[in-house]
Amino acid sequence: MTTPPALLIAGHGTRDDAGAEAFRAFVRELGRRRPGLPVAGGFIELSPPPLGEAVAELVGRGVRRFAAVPLMLVSAGHAKGDIPAALAREKERHPGVSYTYGRPLGPHPALLRVLERRLAEAVDPSWDPAEVTVLLVGRGSTDPDANAEVFKAARLLWEGRGYAGVETAFVSLAKPDVPSGLDRCARLGARRIVVLPYFLFTGILPDRVRTQTEEWSAAHPDAEVRSADVIGPEPELLDLVLERYEEAVKGDLRMNCDSCVYRIALPGFEDKVGLPQQPHFHPADDGHHHHGHGHTHSHSHAH
């Protein structure tokens with residue numbers, strides 16, 4: 001019987017200790033769910049352990065094949081470039097190791113169900129959903145394709161759930177920012193607003209969303225504003241990561257390349273087409289005396 005590939009979870013990284021520990025605890029829980037499957041996880045930046053250390057851990061356990069799943073909601077620069085480049089570097093560090101690369105998580109119906117729960121937890125039970133406007137707040141990216149995916153999640157969350165509307169904002173790198181998003185909701189006539197962070201775990205950016213929401217609410221006493229919680233390590237998230245793992249193992253990836261800046265000349269991003277990707281070095285990672293090796297972006301990511 002062929003041994004199934006191990007599972008490598010690639011995280012973004014955060015300066016928030018609680019957020020980093022939430023990721024590490026999530027990886028441990030995945031291992032408990034699939035006791036016969038070697039599981040490890042690491043970060044691209046900001047938090048230990050670095051991704052290279054997680055790969056070394058698997059190799060030390062005798063793993064020769066693994067499937068890497070980016071624990072990210074949208075396919076932005078980390079998922080499209082940094083992780084594939086880092087994995088290519090790890091393949092050179094560990095001769096004989098092979099891997100496949102899965103796709104990001106959302107917007108998946110299972111995650112939309114969790115978001116719906118977070119909204120239900122945040123609102124007053126007496127509120128009519130038809131009187132509630134939701135502001136879905138994403139991380140924000142310099143990649144227009146990634147920002148568009150947050151708008152898609154907002155539309156899918158709106159469909160069939162009876163809210164007055166679901167608007168979109170970003171906490172960094174993209175417009176509208178949180179106060180501008182709340183202003184838009186108010187201009188559209190919203191009197192009851194729930195700000196819903198489109199984040200997996202707690203961290204500095206979700207905390208910033210809540211702080212900015214509280215500041216806006218204090219300046220606009222006519223509007224009732226509530227803050228919802230992040231998605232968190234829910235059973236649906238654990239199941240979805242394992243689903244993405246199975247896709248990667250079977251080679252059934254179905255990546256969307258129609259609006260990827262590395263393939264399509266989008267206005268203002270024409271210089272990115274065909275751009276080689278470079279590994280994103282973690283400050284604690286000495287590179288094992290290797291330097292960055294370019295890795296041309298490809299949505300198949302099968303090695």
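**Questions about a predicted model**

Student: Is Glu-246 buried, partly exposed or exposed?
Tutor: Let's compare its value with the cut-offs. Buried means under 20% relative accessible area, exposed means over 50%, and partly exposed is in between (1.4 Å probe, protein chains only). Glu-246 has a relative accessibility of 27%, so the class is partly exposed.

Student: What kind of model is this?
Tutor: Residues are numbered from 1 along each chain as its sequence is written, and side-chain values use heavy atoms, with hydrogens and water left out. Local features need pLDDT of at least 70, side-chain atom pairs count only at pLDDT 80 or more, and totals for chains, interfaces and linings use all residues; the model is predicted.

Student: Which helix holds Glu-246?
Tutor: Helices (H or I, at least four residues) and strands (E, at least two) are DSSP runs, numbered from the N terminus. Glu-246 falls in the run of residues 235-250, which is helix H8.

Student: What distance separates the C-alpha atoms of Glu-246 and Gly-102?
Tutor: Along the chain, these two residues are 144 residues apart.

Student: Is Ala-79 buried or exposed?
Tutor: Beyond four places in sequence, Ala-79 touches residues including Met-72, Val-74 and Tyr-101, where contact means heavy atoms within 4.5 Å. Its relative accessible area is 4%, so Ala-79 is buried.

Student: Which residues does Glu-149 contact, leaving aside neighbours within four places in sequence?
Tutor: Glu-149 is placed in helix H5 (residues 144-158). Its relative accessible area is 16%, so Glu-149 is buried. The contacts beyond its sequence neighbours are Leu-73, Val-74, Ser-75 and Gly-106.

Student: How is H4 oriented relative to H5?
Tutor: Two packed helices are described by the angle between their axes and the distance between the axes. Axes are lines fitted to C-alpha atoms, for helices over the stretch in contact, and angles run from 0 to 180 degrees between N-to-C directions. The axes of helix H4 (residues 109-122) and H5 come within 10 Å and cross at roughly 70°. Angles under 35 degrees count as roughly parallel, over 145 as roughly antiparallel, 65 to 115 as roughly perpendicular and the rest as oblique, so H4 and H5 are roughly perpendicular.

Student: How many nonpolar residues are in the contact of H4 with H5?
Tutor: H4 brings Leu-112, Leu-115, Glu-116 and Leu-119, while H5 brings Ala-153, Leu-156 and Leu-157. Ala, Val, Leu, Ile, Met, Phe, Trp, Tyr, Cys and Pro count as nonpolar, Asp, Glu, Lys and Arg as charged, and the others, Gly among them, as polar. With one charged and no polar residues, the nonpolar count is six.

Student: How is H6 oriented relative to H7?
Tutor: The axes of helix H6 (residues 178-187) and helix H7 (residues 204-219) come within 9 Å and cross at roughly 45°. That angle makes the pair oblique.

Student: How many polar residues are in the contact of H6 with H7?
Tutor: From H6 come Val-178, Pro-179, Leu-182, Asp-183 and Ala-186, which meet Val-209, Gln-212, Thr-213 and Trp-216 in H7. Six of the residues are nonpolar and one is charged, and the polar count is two.

Student: What is phi of Leu-173 near?
Tutor: Leu-173 is in the loop between E6 and H6. At 64% relative accessibility, Leu-173 counts as exposed. Its phi is positive, in a residue other than glycine, and is near 70°.
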